[in-house]
Amino acid sequence: MSLKRLSFVFFVEGNDTYTGVPNHRLLPNSYDYLGQLVGLSRLPNESNVPFRDRILDVMVNPAGPTYTGLVNGIYRELGLSKFDAIRISPVYATETETVGRSPVIEVKATKLILYEAWWGPNDYVVDREIKFYNRTDPGYFLGDLVNLINESLYFSAIRLYDDAFLPSQYLLRDRTVVQVKDEVVPASFQIRLKNTNLVNGSLRIRDLYPTYQTTANRNMSSSNSSNYLSFMFNVTTPLTVEGQYTVDTDEGILTFFSLPSGQGLADYMYFDYPWTLKASDVAVFGLGEEDFFENLFEKVEDRFGEEHLGLPTIEGSDYIQELYRNVRIIWGR
Amino acid sequence: MANRIVKSRSWATQRLANYYPPWSRARTDEFSVAQQLLHPIGNSLEEMFTQLAKASRNNFIESSDINQVYISDYFILPRAFPVVRDNPDEQTPRFRAPTCSAKYENFEEEEYPVDVLALDLNSAEGFFTADPTGIEITGLSETRLVILNATALADLQDAVFNTPPVATNLWITVAGATDFRSIIGTQFVRGYIKLKGISSKGIEEEEIIDVSWNRTIRTKLRWSSLTEVEVVSIYPDTTTITIEADTFFHARHLDEMNLFIDDVAERQVYYSVQQTDDDRTELVHECYSALNLGDLEDGHTTFDVVKTIELRDHLEQDVLITNIAYDPWSETIYGTDGTHLFFWDILPLNPSIRSELFSTPGVSNRIYTEEGRFIGLGDDMEFLCRRGRDDKHLSAIRWTVYTPNGTKYYLDLFDDMQPWTDPKDGWIYTGDSTQDLWRLKFHPIFSQRGVSFVVLETVYAEQLYEKDVYPVVVDSLVARGAIELPTDLVDSTRLSFDSNGTLWFYNAGTIYPTRLRHDVFLMDYSRKVAYFRERYTEVTLVPAT
């Protein structure tokens, strides 16, 4: 249709019938003005409804220099979309307990990692990795990826996006845990955090002391830099000793033997299943991303058996050539 | 006559009159000659204020008019295109419009021919405010799957639920309920439906859906299967419940406001339709009243109709509308009778009628009614006399109706309406024991469109004469136009706009998104350019002869 419009056809049938293809022009209306206020202009032939949705999206998905910000900015400026791709929930053994000890899924640049147990960035047990970067990778298409996730004992997944042949590269980087910073907790025998299903070992509380302390004591202990509480988890035996405390990670409840002092700030992570993985119509890769970097350079083993990056692969040299042409970088310096 | 009465005084008149000095009668007396002269100016000023308020809505993204023209196709005709003057003898040229036909692509990229009409008013204003000329289906239709056929509450225990193919939101339709509340102990319990089953998470869950009127509601949870539906405080037992599922499992056809095909008749909106006499339709401006805030919160309100106006088609004929939708941007009501889509302007339903203009100044015996002054054709109304003075003896009373076509009727002793022939007709002489007369009720039937006047005249023994006048409006809205429905949409039962401006049709479980087409062209005769409201792949113009 657009090609037809580019060429202006005009011919006369007989003497009294004038037939042709009309040209068009945009008539700015109030949406163009509102778009200017947020720095968006109308795309060619874009009607009011999608343009309004893009204007509203500016504040919902802000653009920025981060990975998420780049994705948000690119898909919006190009009139593309961000949508729900996969819904993930862990497999439950009972009504509340999952089969995996602490099941987490992480989307990286080129692969999806299923953790049977994940307690922190450095403390995890991997169930399986599903690669989706190359066309030959098993999870390249979204439909295949969902099937592969469902093969795992610990997770079940539903595809929310209609197209099973969407490349999985379009998935946004994500991890199925929510991080909470600086939640204020009062001093009380029992403290209920705002969220349940905490990740074991992720809870840290600042400025809250397990027993009542004078100001002098508190200053002393903070100067000893031991003002973080570390917790015993899911202890069922009753507390007996002054200063003892415990936390129920499923319910998010802290219990103290004696009244603690001070008002604390809690940092923790929690699971919020079912989790929706989003995708957008743009795939953004960063050269700093380790698993993406691996695809650009061949691996070389040294004599100690350690792996290092070697020569660029064909794809890697393509990127380097592209960057040579477009970016003023002098490689090798 | 109706217009003269309805628009007699504008609220802007007093604003104008406030420029007079405070001691002047022009400022303080609304019946002064100066203010009567100011009324037309006040009316035009009021119109301007309204337009300004309407235009300012475009400053905000959520209230901006989604139907604004954003693109215009134009077709440059050759210089040799013959232009025919319609009025060669006059100075201001007027031209005969050429005939135009065109082809457009629908959403499936199939070409359709369409006639493009010349504007009545060949101006930019006529171009941008043109009425719709056609209707176009803009997407694939969707058919909802029935999870539970319409089942009466009494039979709900034995109901068998179908399973949706994928976990999805469900649509629950409640119909035929008359009461949505019960008292349990000392507390009011509002009607609700409790769904039990397996949700999309794969676990057993419950969802409670509040129901305070008959309508279709969408569940918040996605359901893989249903096992039980429990209904509380909805009566009677013959009330039916239908559960349907979308075939699409991404909710892409819904906008954020979840506006969708809603149930029609008892929707809690300002405008609604009701059928009268099986062949006419009336638009009702609804009002809900409640004794206290708690009742209002419970949704247990009494339903008062305050304003009724008859809807008629574009040929001023009676028409039976099955469904209406209100477009807030153009302030237009769209309605369908199954074969056509009609559209009406919304008239201001709050005109000021000054009955004081006709009554005796300082009248003490007033006409009293609880039913407002806007009623449907053929309806009757009950009037009472509210007595102002007890210290004086009443000697005679007369109820009269002045109908719009000039005939007068009076109320006789047997509460019947009689045509008024003699000026002395209709007086009911009361003796000294006249207390019963104060309870005299008047039930005139209004069978003519227009403004009727109900008049109450009273004469005291002291020869004091009083007259009170109560205008009653029987108004009708004539459709601005009508569009024939495409075959897929014929006999649609429901109709609604969403916030994207999409007009949805619902027909026996199948849902169609549509848009209104404006196949009109604006002709620039001097430059020989035709402008269009719609996009076309090809246009053909035949010059006028």
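Tutor: Buried means under 20% relative accessible area, exposed over 50%, and partly exposed in between (1.4 Å probe, protein chains only). By that rule, 49% of the 545 residues of chain B count as buried. This is a predicted model, in which local features need pLDDT of at least 70 and side-chain atom pairs count only at pLDDT 80 or more, while totals for chains, interfaces and linings use all residues. Residues are numbered from 1 along each chain as its sequence is written, chains are lettered from A and ligands numbered from 1 in the order in which they are written, and side-chain values use heavy atoms, with hydrogens and water left out.

Student: Why is His518(B) called buried?

Tutor: The relative accessible area of His518(B) is 14%, which is under the 20% limit, so the residue counts as buried. His518(B) sits in the loop between β33 (510-517) and β34 (520-524) of chain B; helices (H or I, at least four residues) and strands (E, at least two) are DSSP runs, numbered from the N terminus. Leaving out residues up to four places away in sequence, His518(B) touches Ala130(B), Asp131(B), Pro132(B), Thr133(B), Arg533(B), Glu534(B) and Tyr536(B). Contact here means heavy atoms within 4.5 Å.

Student: What makes Asp32(A) and Arg42(A) a salt bridge?

Tutor: The rule asks for a side-chain nitrogen of Lys or Arg within 4 Å of a carboxyl oxygen of Asp or Glu. The closest N and O atoms of Asp32(A) and Arg42(A) are 2.8 Å apart, so the pair qualifies. Asp32(A) is in helix α2 of chain A and Arg42(A) in the loop between α2 and α3, ten residues apart. Both residues are buried.

Student: Why is the pair Asp57(A) and Arg76(A) said to tie together separate parts of the sequence?

Tutor: Asp57(A) belongs to helix α3 and Arg76(A) to helix α4 (residues 67-77) of chain A, so the bridge joins parts 19 residues apart in sequence. Their closest N and O atoms are 3.1 Å apart, and both residues are buried.

Student: What makes β2(A) and β36(B) a strand pair?

Tutor: Two strands pair if DSSP finds at least two bridges between them. β2(A) and strand β36 (residues 538-542) of chain B have three bridges, antiparallel, so they pair. Gly20(A) stands opposite Val539(B) in β36(B). Thr17(A) and Thr19(A) point one way from β2(A), Tyr18(A) and Gly20(A) the other way, and all are buried.

Student: Which strand of chain B is joined to β3(A), and over how many bridges?

Tutor: β3(A) is joined to strand β1 (residues 71-76) of chain B by four bridges, again antiparallel. In β1(B), Ile71(B) is the bridge partner of Leu26(A).
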